[in-house]
Amino acid sequence: MSGPDTGAGSTATIDLGAIAHNVRVLREHAGDAATMVVVKADAYNHGALAVARTALAAGATELGVTTVGEAIALRQAGITAPILSWLHRSDTDFAPAITEGIEIGVSSKAQLAAVAAAAVRTHRTAVVTLKIDTGLNRNGVASDEFGDVLALLGRTIADESVRLRAVFSHLACADVPDHPANDRQAKVLQDSVASAASAGVRPEIVHLANSAAALTRHDLRFDMIRPGIAAYGLSPIPELGQFGLKPAMTVSAYVALVKRVSAGQSVSYGHTWTTPRDTVLGLIPMGYADGVTRSLSGRFDVAIGGRRFPSVGRVCMDQFVVDLGPDGGGVQEGDTAVLFGSGVDGEPLAQEWADSLDTIHYEVVTGIGGRTRRAYIPAVEHPAGTVLQTPEEAST
Ligand SMILES: *Cc1c(COP(=O)(O)O)cnc(C)c1O
């Protein structure tokens with residue numbers, strides 16, 4: 001998302017109070033387990049630094065990201081909590097991560113060797129977390145390499161180039177709580193921890209549960225839960241309800257133009273929609289370049305003044321049109337149109353876009369961008385509706 005106001009006026013407003021609330025909800029589900037909040041992909045596009053600070057203040061104790069670069073950016077912005085990063089190449093230079101005290105998730109012998117070599121070079125002990133592939137078949141140590149990785153871990157722990165912080169894995173089917181794969185993966189994780197122990201390699205903690213498992217499978221909490229999406233207030237299993245979570249992102253834009261058109265007029269590229277009657281159209285200056293996917297054309301609503309109005313015709317690169325109806329719905333140029341938000345004022349939810357697009361709300365919130373600016377509502381008690389602009393965070 002861009003920093004300075006580009007004039008388009010589209011905004012992703014992040015309610016940090018909602019993030020804090022959601023972390024507290026997750027803390028209740030965590031029991032005695034710790035909570036690592038996942039802030040990868042710029043905190044699912046909510047702003048990694050602001051979310052990290054808010055989550056830590058609300059009771060999370062660790063952060064998870066994908067890349068070393070994301071982790072270092074948080075560290076250099078002053079985050080002192082443990083940060084785990086888990087997706088690397090075998091030729092990644094791990095020295096900066098080690099110097100910054102980033103916990104490195106390793107998925108292969110080559111990665112572990114690269115971490116250990118960087119530790120020796122930097123005269124530091126690298127903090128390593130072993131990622132086990134327990135059946136997702138994506139990232140993680142493959143079972144045929146596990147013995148070799150354990151042997152190398154044993155040697156690198158002995159020579160103090162490595163400290164083994166944790167063993168973890170990631171579930172393939174957590175959004176189906178009673179899916180047999182969940183138990184199978186948990187069993188493989190436990191067995192891996194046991195065989196590591198018999199080889200003399202003992203992690204300090206074990207973790208597995210993403211948001212879905214944290215909320216529905218308390219038996220899979222191990223020592224720490226590792227939620228992402230739930231912290232942003234989006235239900236990891238929409239069919240099972242909201243779990244008391246509050247969506248944190250509201251996307252809005254100004255009504256740029258209001259105009260009266262007669263019956264039989266066709267609207268936007270390709271003339272795919274024609275006014276069935278005299279009506280009033282509203283122009284919203286946000287388009288597919290900003291994350292309003294073109295395939296949503298004619299299949300979503302915006303809320304203006306608490307009323308919903310349908311998108312008509314094709315979504316363009318920078319703009320789309322809504323039908324305000326024959327009486328214009330009382331909408332004025334300069335009014336705020338809410339594309340999706342928390343739903344409390346009747347506005348659409350990110351889930352509705354996900355349903356229309358046959359995807360998941362993760363992709364909807366991470367897809368908002370282009371000229372959209374980010375604004376924050378602070379988590380602390382504050383006069384209602386105060387929006388803090390933090391351009392240095394908005395520009396990341
Ligand atoms: C993204 C991710 C998470 C968080 O998943 P959610 O479904 O958003 O809770 C946890 N662990 C790993 C390894 C991930 O990649």
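**Close-up views of the ligand site**

View 1. A polar side-chain atom of H170 is placed 3.4 Å from a nitrogen atom of the ligand. The model shown here is predicted. R226 also faces a ligand nitrogen atom, with an N or O atom of the R226 side chain 2.8 Å away.

**View 2. The shell around the ligand.** The ligand is surrounded by 14 residues. K40, Y44, S211, I229 and Y362 are the closest of them. Sorted by class, the shell holds 6 nonpolar, 4 polar and 4 charged residues.

**View 3. The pocket that holds the ligand.** The ligand takes up the space of the largest pocket. This pocket has a volume of about 690 Å³. Its lining consists of 35 residues. Nearest the centre of the pocket lie H170, N210, I229, I360 and Y362. By class, the lining has 19 nonpolar, 9 polar and 7 charged residues.

**View 4. Helices in the pocket lining.** At least two lining residues of the largest pocket come from each of α2 (40-45), α9 (211-216) and α11 (361-367). The largest share is that of α11, which supplies 4 residues.

Note on methods: Residues are numbered from 1 along each chain as its sequence is written. This is a predicted model: local features need pLDDT of at least 70, side-chain atom pairs count only at pLDDT 80 or more; totals for chains, interfaces and linings use all residues. Side-chain values use heavy atoms; hydrogens and water are left out. A residue is near a molecule or strand if one of its heavy atoms lies within 4 Å of it. A polar contact is a pair of N or O atoms within 3.5 Å; within protein, one must be able to donate a hydrogen and the other to accept it, and residues adjacent in sequence count only if both atoms are side-chain atoms. On a 1 Å grid over the protein atoms alone, a cavity is a set of points where a 1.4 Å probe fits but cannot get out, and a pocket is an open set with protein on both sides within 12 Å along at least five of seven lines; lining residues have an atom within 4 Å of a point. A molecule sits in a cavity or pocket if more than half of its atoms lie within 2 Å of its grid points. Ala, Val, Leu, Ile, Met, Phe, Trp, Tyr, Cys and Pro count as nonpolar, Asp, Glu, Lys and Arg as charged, and the others, Gly among them, as polar. Grid points are joined across faces, edges and corners, and a volume is the space filled by probe spheres set on the points.
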